[in-house]
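User: I'm new to this one and would like a close look at a single part. Could you walk me through a pocket?

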Amino acid sequence: MASNTVLTFIIPLRHPQNAGDWQQVKLNLSQTIGSICRQDCNDWKAIIIANNEADLPSIPIGFEVKRVDFPPNAKYQRGNETLEEFYEAVRSDKGRRVLAGMLHAGSTGHFMIVDDDDFISSRLTSFVAAHPEINGWYIR
């Protein structure tokens, strides 16, 4: 399968009703977007997965927004559930957002899941481009 992009960043946003402060989520997302935009290799794209009603900051070139209609996660804050039930609810909610982004991406080399408050090294895409055969990376 031919790849059109070396690296696709997938940014799954929680449902706005699951955010205590949506303005803070938007500020964090803007900073994350800025860190992705500073890649020293331009062979990347980014997909933000957001609910239809989510108000987003300005989205620059190289980013796409995949709108979804997922309900809020009823177990986003741990109530009487066991820890495993709580974790499963969070993983399931985030997982379906990640899957929506991956399906939307189409043909790509590698994926990187990025939270709205992550900062990405500016050298990441060039590293992936230089090592396309490697399945994953980690930083100590």
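Which helix gives the largest share of the lining of the second largest pocket?

Analyst: That would be helix H2 (residues 83-105), with four residues in the lining; helices here are DSSP runs of H or I, at least four residues long, and strands are E runs of at least two, numbered from the N terminus. A quick note first: this is a predicted model, where local features need pLDDT of at least 70, side-chain atom pairs count only at pLDDT 80 or more, and totals for chains, interfaces and linings use all residues. Residues are numbered from 1 along each chain as its sequence is written, and side-chain values use heavy atoms, leaving out hydrogens and water.

Now, the lining includes Pro12, Tyr76, Asp93 and Arg97. By class, it has four nonpolar, no polar and seven charged residues (Ala, Val, Leu, Ile, Met, Phe, Trp, Tyr, Cys and Pro count as nonpolar, Asp, Glu, Lys and Arg as charged, and the others, Gly among them, as polar).

Arg97 also leads us to His15, since His15 touches Arg97, along with Trp22, Asn51, Glu53, Phe70, Pro71 and Pro72, not counting residues up to four places away in sequence (contact means heavy atoms within 4.5 Å). His15 sits in the loop between strand S1 (7-12) and helix H1 (22-37). Its relative accessibility is 3%, so His15 counts as buried (under 20% relative accessible area, with exposed over 50% and partly exposed in between, using a 1.4 Å probe and protein chains only).

Technical notes:
1 Å grid on protein atoms, 1.4 Å probe; cavity = no way out; pocket = protein on both sides within 12 Å on 5 of 7 lines; lining within 4 Å.
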